[in-house]
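Dear colleague,

Please find the structure below, followed by a short account of what was found in it.

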Amino acid sequence: MRLYRSMERHTDNYYVEKIRSGETGCFAPILERYGARIFSLTVKIVGNREDAEELTQDVFVKAFRSLSSFRGDSSFSTWIYRIAYNMAVSAVRRKGPDFIPVDENLLSGVPDETDETAFGTADTDGRIACLNRALEQLTPEERAMIMLFYKDSRSMEEIARITGLTETNVKTKIFRIRKKLLVLIKAMEEK
């Protein structure tokens with residue numbers, strides 16, 4: 001007869017309180033829950049898997065050491081994403097820029113509302129390839145914000161908490177980033 005041990009899934013706050021009371025083994029479910037998500041965010045910001053792996057480890061070490069500063073003003077996931085965002089952006093800034101600046105005047109000529117025709121007649125695979133190349137040309141902060149919004153389905157409010165910006169500023173930035181992506185994609189399609 002086999003004995004199965006049931007693993008209950010608890011809330012983040014449950015694990016945080018257990019860790020604070022000395023049960024450091026309770027950090028494992030946090031790692032399991034957020035490891036892939038934090039890695040995904042950091043790799044999109046730093047653009048290098050090896051650097052992102054190391055950075056992800058550093059994020060969790062910092063989160064573990066800083067649990068006493070987690071006040072619960074936001075969700076734990078927002079708190080750990082903020083740590084990851086700040087550490088990844090700082091790492092990229094130390095390394096130096098590797099993006100192509102887009103003239104802000106070009107953005108003023110892009111319509112506010114875009115439709116399917118804005119991306120030309122390229123096939124879906126071609127569009128995805130163009131989008132990925134365009135994403136690589138964004139600043140780390142822009143890439144992170146767009147990924148948080150579209151890939152991770154974070155709300156404007158959550159992104160504001162993660163980035164330290166106001167919600168209005170986040171909305172404006174995401175709007176401008178979308179226009180910038182469109183300009184970059186159009187330039188690629190014209191080549």
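Helix α1 is followed by G22, whose phi is positive, near 105°. Helices here are DSSP runs of H or I with at least four residues, numbered from the N terminus. This is a predicted model, in which local features need pLDDT of at least 70 and side-chain atom pairs pLDDT 80 or more, while totals for chains, interfaces and linings use all residues. Residues are numbered from 1 along each chain as its sequence is written, and side-chain values use heavy atoms, with hydrogens and water left out.

In α1 (residues 12–20), D12, Y15, V16 and I19 are buried, that is, under 20% relative accessible area with a 1.4 Å probe, protein chains only. Seen down the axis of α1, these residues fall within an arc of 100°, so they line one face of the helix; the arc is taken from the directions from the helix axis to the C-beta atoms. Their cover includes α2 (27–46), α3 (49–65) and α4 (76–95).

E142 is located in helix α7 (residues 140–151) and is buried, with a relative accessible area of 18%. A polar atom of the E142 side chain lies 2.9 Å from the backbone nitrogen of T139. Not counting residues up to four places away in sequence, E142 touches I177 and K180 (contact means heavy atoms within 4.5 Å).

The axes of α8 (residues 156–163) and α9 (residues 167–190), lines fitted to C-alpha atoms over the stretch in contact, come within 8 Å and cross at roughly 100°. The two helices are therefore roughly perpendicular, a term for angles of 65 to 115 degrees on a scale from 0 to 180 degrees between N-to-C directions.

Yours sincerely

How values were computed
Buried < 20%, exposed > 50% of the residue type's maximum accessible area, 1.4 Å probe, protein only. Polar contact = N/O pair within 3.5 Å; in protein donor to acceptor, adjacent residues only side chain to side chain. Parallel < 35°, antiparallel > 145°, perpendicular 65-115°, else oblique.
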